[in-house]
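Me: I have a structure to go through with you. Could we look at it together, topic by topic?

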Amino acid sequence: ISRLKHMNDRMSSRRLKAEHGEWSLIGPPSGGDTSNLLDQNISTPYFIYVLAFFSALGGFLFGYDTGVVSGAMLPLKREMNLNALWQELLVSSTVGAAALSALSGGYLNGWLGRRICILVASFIFSVGGIVLSLAQDKVVLLVGRVTVGLGIGIASMTVPVYIAEVSPPHMRGQLVTINSLFITGGQFVASVVDGAFSYLSRDGWRYMLGLSIIPAVLQFFGFVFLPESPRWLLQKGRSDEAHRVLSQIRGNQNIDEEYDKIKASIEEEKEVGAGVVILRILRHGPTRRALIVGCCLQMFQQLSGINTVMYYSATILQMGGVQDDKQAIWLAAATSATNFVFTLVGVWLVEKVGRRKLVLGSLLGTGLSLTLLAVSFLLSAQNSPPVTFHPYDPQNSTCRQYGSCELCMLDPNCGFCYRENGTVVFETSCVPVNLASTDHAAWGRCSNSTEGSDNLIWAYNYCPTSYSWVVLMGLVLYLASFAPGMGPMPWTVNSEIYPLWARSTGNACSAAANWIFNVLVSLTFLHVAQFLTYYGAFFMYTGLVVLALLFVFACLPETKGLQLEDIENLFTGQLCSCRGSAYNDMRHIHYIRVKGSNCLQSDNEASDVE
Ligand SMILES: O[C@H]1[C@H](O)[C@@H](O)[C@H](O)[C@@H](O)[C@H]1O
């Protein structure tokens, strides 16, 4: 009896080990589920959450500073007398600066380390916030916006790398995705701040732009006390420090295996040779393929049109019939709230279903909701009210030639002036817009600020439509599909697919790709809408999402649960040959029979181990 009990104990202990992923002896847990690979049976030290929180403040600032400007623009336009060019400059200078600094952040990251880069970024954010809140003229505002952009670029590429490098494998995806949650959280808070300060008659924008100083300073002081990434330390030959930091962030867990793996991967790095990192990446097959996958993911994230929805949601909602400025600001806040809430779903799902399935599902939903948006714009266009009233045009403008609101609205020089009684639209005209402010017509009934009285409405950039609820539904579905997958996953996947020596440069390039396509899509949206009409533009985004779906299906391997040092192996085959089979391709599973655990008696008798 005691022998049987002893055997039973040994078997249950083996089974337990297998369940908890101690697979070095008997192969990995069945089904290729690697989520339990390391350390999961030991409680996660709470220090890792502190690290993730302070790093993700970088994501919050990224979201806040890109999000705040649309609402701040309304009072700024008035108080600083900004024309369209200056407005565009103040928005896109930040994104342009972010693209450049993300690129240079790659070099800084390798040279100075992740921690110093995060300190530099939070310092730049603080300076930018101070400059913006004290600005006396538009040139200083521009300087402030460029400064903030420099901070965003560095933070956007460093923070995911830092979090990925300090996280244990089984929760890495979740922790890096928390950074994306902070991005959308920052965008949401910015929109609420915009709404709240829009009631101030003067200087509201100073608070809107300046409030970012608080999280920036908090992050700076937090990071003074937080450690450098152990992987970077080891790469720089500071092994004692690396060992100390790794055991500090892993708490009471055994770090030997992880430490040795990092060390081994640094040894392997020498095989790739020396030289400029980007050239080494391009010469070395697996990293070149990882870079292509990383950059394309970021490109497709932007080509799915997220920022046209984020930046133009007010305009899109106006097309759905919302006319009041304040109401549009608050509805834009609801848009970013939806984006935020559904990013939470991503945080929850990333370690459950994995990156690949999450992205595929997200793209499918995004494509369908873009189709819905396109169809609702098509219906609105087909039912667009005709022009019935032709006032004398002193300027002989192009606006006279349009026969319907749809055509009139697509010309940036014209707007639609009409009366409304319930849902009936009448006495409609297409007239030139006031060049100083798009809130009024250049002349005629809709040219003075008493507009709105007498049922008179001035619609710039939109048309009255009864399909507003379909537009609203499309928008919510779009965000609900995009936010859990296509929003956060490009950042998460990029933080994990490069080997240590290529990680900073790889992330710098992919983050820059994100920012470049961000500028491209948001600057061209109104022009694209003008050439293709709104429904054409949304059908075009649908097409791009289909391309993204094909790309991801063919080329994105699953990285869930693997240690960073193992992920490079997913790219050893040809580009796009790695779909879904990632884990099993890399590991050769050796099945053995354990006495007493087999269904067949014959297997029990032939067991390899007791
Ligand atoms: O992942 C983020 C997020 O989805 C934001 O909402 C979006 O504005 C950014 O461009 C994107 O990179």
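This is a predicted model: local features need pLDDT of at least 70, side-chain atom pairs count only at pLDDT 80 or more; totals for chains, interfaces and linings use all residues.

Me: How many cavities of 30 Å³ or more does the structure hold?
Reply: There are 3 cavities of that size in the structure. The largest cavity has about 240 Å³ of space.

Me: Which residues lie nearest the centre of the largest cavity?
Reply: Those residues are Phe62, Ile183, Gln187, Gln301 and Trp491, out of a lining of 22 residues. Two or more lining residues come from each of H2, helix H6 (169-197), helix H13 (285-303), helix H14 (306-319), helix H15 (325-353) and helix H20 (500-555).

Me: And what is the make-up of that lining by class?
Reply: The lining of the largest cavity has 10 nonpolar and 12 polar residues, with no charged residues.

Me: What about the second largest cavity, how much space lies there?
Reply: The second largest cavity holds about 70 Å³. Its lining divides into 8 nonpolar residues, 1 polar residue and 2 charged residues. Among the lining residues are His390, Asp393, Arg400 and Trp443.

Me: Let us turn to the ligand. Which residues surround the ligand?
Reply: The ligand is surrounded by Phe62, Thr184, Gln187, Gln301, Gln302, Asn307, Asn339, Phe482, Gly487, Trp491 and Asn514. Phe62, Gln187, Gln301 and Trp491 from this list are also named among the residues nearest the centre of the largest cavity.

Me: How far is the side chain of Asn307 from an oxygen atom of the ligand?
Reply: An N or O atom in the Asn307 side chain is 2.7 Å from a ligand oxygen atom. For Gln187, a polar side-chain atom lies 2.8 Å from an oxygen atom of the ligand. For Asn339, the corresponding value is 3.0 Å, again from a polar side-chain atom to a ligand oxygen atom.

Me: New topic: the strands. How many of the residues of strand E1 are buried?
Reply: Strand E1 (residues 414-421) has 6 of its 8 residues buried, so that it is described as mostly covered.

Me: Which way do E1 and E2 run, parallel or antiparallel?
Reply: E1 and strand E2 (residues 424-432) run antiparallel and are joined by 7 bridges. Arg419 stands opposite Phe426 in E2. The hairpin of E1 and E2 has 2 residues between the strands, and Gly422 there takes a positive phi near 65°.

Me: What joins E1 to E4?
Reply: E1 is joined to strand E4 (residues 456-459) by 4 bridges, and this pair is antiparallel. Cys417 is the residue opposite Trp458 in E4.

Me: You mentioned a positive phi. Where is Asn81, and what is its phi?
Reply: Asn81 has a positive phi near 55°, although it is not glycine. Most residues other than glycine have a negative phi. Asn81 sits in the loop between helix H2 (47-79) and helix H3 (84-112).

Me: Why does Asn81 count as exposed?
Reply: Asn81 counts as exposed because its relative accessibility is 63%, and the cut-off for exposed is over 50%.

Me: And Asn396, what is its phi?
Reply: Asn396, which is not a glycine, has a positive phi of about 50°. Asn396 is found in the loop between helix H16 (355-382) and helix H17 (405-410). Asn396 counts as exposed because its relative accessibility is 54%.

Conventions:
Residues are numbered from 1 along each chain as its sequence is written. Side-chain values use heavy atoms; hydrogens and water are left out. Buried means under 20% relative accessible area, exposed over 50%, partly exposed in between (1.4 Å probe, protein chains only). On a 1 Å grid over the protein atoms alone, a cavity is a set of points where a 1.4 Å probe fits but cannot get out, and a pocket is an open set with protein on both sides within 12 Å along at least five of seven lines; lining residues have an atom within 4 Å of a point. Grid points are joined across faces, edges and corners, and a volume is the space filled by probe spheres set on the points. Ala, Val, Leu, Ile, Met, Phe, Trp, Tyr, Cys and Pro count as nonpolar, Asp, Glu, Lys and Arg as charged, and the others, Gly among them, as polar. Two strands pair if DSSP finds at least two bridges between them. A residue is near a molecule or strand if one of its heavy atoms lies within 4 Å of it. A polar contact is a pair of N or O atoms within 3.5 Å; within protein, one must be able to donate a hydrogen and the other to accept it, and residues adjacent in sequence count only if both atoms are side-chain atoms.
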